[in-house]
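Trainee: I would like to learn how to read a model of this kind, taking one feature at a time. Could you guide me through it?

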Amino acid sequence: MSGSNKVLNRRVLIVTSVSAEKEAILRGLRNTNDFDVIVAGVGQAAAAVATATALAKTQYNYVINAGIAGGFEGKAEVGSLAVSTEVVAADLGAESYDGFLSLEELKLGSSKIEVEQAMVTRICAEAMEQGIPVQEGAILTLSTVTGTQETANYLLERFPHAIAEGMEGFGVAEAAKQTQIPVIEVRSISNKVGPRDRESWRIKEALATLEKASSIFSEVFK
Ligand SMILES: O=C(O)c1cccc(C(=O)CC[C@H]2O[C@@H](n3cnc4c(=O)[nH]cnc43)[C@H](O)[C@@H]2O)c1
């Protein structure tokens, strides 16, 4: 125990961006006691602050960033589950006439946070057993939802192994990393990454997948 007000227990912190995601996860978890689900707000800054605040109060063994996401065409279909092999801050860097320069290229740090592969494999195996379509790969974090095919193509050019994009993953992962707690991003796909068409977002379907995915968490994170 590193702080006198910390609780010593086996606990998992789940960070969402909006309350509809939290509610779907709580339905899936039913009354499992080992999980705390919080709503951080949208974007990396809100996600990092909320995660760091929770980690300062309670001792957690694992952090999950969970919610809905955009899926890259042919990589993660609407209604399926995406599990991160790495969490990537895709727009953290500098623009140049020679293309985007990542933090690594700028020698200013890392824009990627690794995930334990054993946990990825466990979640994917359990999801498949439950009939949830699932894929693993990099999940990108962006401050701006992709809204054109050109940007979607450019992102895939830079990150060929990307399967999905969200807006909070790297913020959650950075807070967890600084506290040396393993982190994973688990997202259900509500829409395609590409030309903006908010009407086509299948939020109900994605929340149903998120609920089903959450029902396997107690088995996977025990
Ligand atoms: O309107 C609703 O009922 C509703 C219910 C649940 C979630 C929402 C959101 O708008 C969540 C925003 C959240 O979703 C992620 N997201 C989803 N699709 C994308 C995308 O294509 N690119 C980036 N992020 C996406 C993101 O993490 C947002 O925080 C609404």
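Trainee: What percentage of the 222 residues in the protein chain do buried residues make up?

Mentor: Before any value is read, note that this is a predicted model, in which local features need pLDDT of at least 70 and side-chain atom pairs count only at pLDDT 80 or more, while totals for chains, interfaces and linings use all residues. Residues are numbered from 1 along each chain as its sequence is written. A residue counts as buried if 20 or more other C-beta atoms lie within 10 Å of its own, as exposed if 12 or fewer do, and as partly exposed in between, with C-beta atoms placed from the backbone. On that criterion, buried residues make up 44% of the 222 residues in the protein chain.

Trainee: How many helices and strands are there in the protein chain?

Mentor: Helices (H or I, at least four residues) and strands (E, at least two) are DSSP runs, numbered from the N terminus. The protein chain has 8 helices and 10 strands. Its radius of gyration, taken over C-alpha atoms, is 17 Å, close to the 17 Å that the globule rule (2.2 Å times the number of residues to the power 0.38) gives for 222 residues, so the chain is as compact as a globular protein of that length. Along the principal axes, the C-alpha trace spans about 50 × 40 × 30 Å.

Trainee: Why is strand E8 described as largely enclosed by the rest of the structure?

Mentor: Strand E8 (residues 134-141) is described in that way because 7 of its 8 residues are buried.

Trainee: Which strands are joined to E8 by bridges?

Mentor: Two strands pair if DSSP finds at least two bridges between them. Strand E4 (residues 81-89) runs parallel to E8 and is joined to it by 8 bridges, with alanine 82 standing opposite glutamine 135 in E8. Strand E9 (residues 162-166) also runs parallel to E8, through 4 bridges, and here threonine 141 stands opposite glycine 166 in E9.

Trainee: Which element gives the most residues to the shell around the ligand?

Mentor: A residue is near a molecule if its C-beta atom, placed from the backbone, lies within 6 Å of it. The ligand is surrounded by 20 residues, and the closest are Ser17, Ala20, Gly70, Gly166 and Met167. Helix H1 (19-29), strand E3 (62-71), E9 and strand E10 (183-192) are the elements that give two or more residues to this shell, and E3 gives the most, with 4 residues.
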